[in-house]
Amino acid sequence: MRAAIFERFQGPITITTLPDPAPRPGGVVLKVGATGLCRSDWHGWMGHDTDISLPHVPGHELAGTVVAVGAGVTRWAEGDRVTVPFVGGCGHCGECAAGQHQVCENQFQPGFTHWGSFADHVAIDHADVNLVALPEEMGFDVAASLGCRFVTSFRGVVDQGRVRAGEWVAVHGCGGVGLSAVMIAAAAGAQVIAIDIDPAKLDLARSLGAVATVDATTAGDVPGQVHEITRGGAQLSIDALGHPVTCLNSILSLRRRGRHVQIGLLLADQARPAIPMDRVIAWELELLGSHGMQAHRYPAMLEMIRRGRLQPEKLIGARVDLDEGTRLLTMMDRFPGTGVTIIDRFGAG
């Protein structure tokens with residue numbers, strides 16, 4: 001297979017030919033149709049994720065076609081078009097038995113615990129638990145764009161955040177996660193405020209349903225701006241970037257008994273930011289994490305896409321080949337581009 005691989009953290013990422021993977025018992029091999037480029041991949045390349053063993057093939061937002069099936073797989077066959085959550089469950093632990101595969105005690109993550117989808121083939125374990133059938137009308141590019149960002153935002157806004165129509169929702173950071181959260185919250189009938197430092201991303205957020213925006217480079221007091229717009233603070237606020245400043249701003253943007261959802265990753269020396277616990281206690285705020293979404297929750301989201309209530313294709317910013325996607329991966333800390341970048345070509349040249 002043709003794949004991108006790095007042998008040391010923060011080192012060169014090279015495109016090379018590697019042996020095709022074989023399916024493990026209970027697993028499958030997919031021919032990758034498309035894969036997303038995500039800031040989490042950059043964290044992995046930087047060495048912020050301790051689950052990665054070197055050498056490593058990154059990539060965790062993927063869709064493709066089943067081309068090989070391992071022993072014991074009962075639900076899938078060669079030729080099936082599928083996607084997969086970026087957090088896979090083992091199907092046997094207590095959390096999986098409770099339907100909470102996204103916090104599986106023995107979870108695996110393509111692109112982190114295992115080689116990922118910056119390659120034309122990828123092996124996926126526990127296929128019967130984790131694969132999701134794609135609607136025939138959905139292209140691999142749109143399916144890959146659901147990746148970790150859209151589905152994590154769906155769970156963060158709908159399941160963890162418990163969004164309700166008419167509520168104010170503040171979204172801090174308008175990358176792929178944040179723009180997904182804007183679209184999903186707006187589709188649920190919420191009034192969304194988008195916050196970012198890039199005017200182009202704020203313009204895109206407005207087109208996706210944001211009723212107000214805040215430019216963090218000029219606002220000065222971002223939580224104060226949110227309180228002014230909402231006349232008291234947001235009921236739900238989301239850190240979609242993952243930074244001590246956006247985490248703090250999100251919590252301080254809430255009104256009394258509001259709900260903060262942390263979707264953006266805080267890793268390395270930012271993993272344990274200062275939290276204003278005096279405000280959390282006095283205002284009875286809720287602090288919630290959100291980590292992926294189970295395969296069995298995809299149908300509700302896919303039905304909203306089928307009905308046109310959600311349009312993830314609007315979030316796709318660029319489609320590139322594997323060589324260009326590999327180059328862009330090392331630049332993710334500089335937030336290049338607007339929207340979701342998709343790798344949909346894996347051949348040479």
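The C-alpha centres of domain 1 and domain 2 are 26 Å apart. Domain 1 takes in 2-148 + 293-345, and domain 2 is 153-289; the bounds come from an automatic or database domain assignment.

Before going on, the conditions. This is a predicted model, so to speak of a local feature I need pLDDT of at least 70, and side-chain atom pairs count only at pLDDT 80 or more, while totals for chains, interfaces and linings use all residues. Residues are numbered from 1 along each chain as its sequence is written, and side-chain values use heavy atoms, with hydrogens and water left out.

Now the interface. Contact here means heavy atoms within 4.5 Å, and 22 residues of domain 1 are in contact with 20 residues of domain 2. The size of an interface is often given as the accessible area lost when the parts come together. For domain 1 and domain 2 the buried area is about 1800 Å², with 68% of it on carbon and sulfur atoms; that is the accessible area, with a 1.4 Å probe, that two parts lose on being put together, summed over both.

How many salt bridges does the rule find across this interface? One, where a salt bridge is a side-chain nitrogen of Lys or Arg within 4 Å of a carboxyl oxygen of Asp or Glu. R297 and D159 also form a salt bridge through their side chains, at 2.8 Å from N to O.

On the side of domain 1 that touches domain 2, the elements giving two or more residues are α1 (39-46) and α11 (298-306). Helices are DSSP runs of H or I with at least four residues, strands are runs of E with at least two, and numbering starts from the N terminus. The largest share of that side, three residues, comes from α1.

Strand β3 (residues 28-37) and strand β4 (residues 62-69) run antiparallel, joined by seven bridges; strands pair if DSSP finds at least two bridges between them. A34 has A63 in β4 as its bridge partner. β4 is also joined to strand β5 (residues 81-83), again antiparallel, by three bridges, and there G64 is partnered with V82 in β5.

The salt-bridge count comes to 15 by this rule. One of them joins E61 and R149, with the closest N and O atoms 2.5 Å apart. E61 is in the loop between α1 and β4 and R149 is in helix α4 (residues 140-160), so the pair ties together parts 88 residues apart in sequence.

**Backbone exceptions**

Most residues other than glycine have a negative phi, and most peptide bonds are trans. The bond joining L54 and P55 is cis, with omega about -5°, and P55 is placed in the loop between α1 and β4. Q10 is not a glycine, yet has a positive phi of about 65°; Q10 lies in the loop between β1 (2-6) and β2 (13-17).
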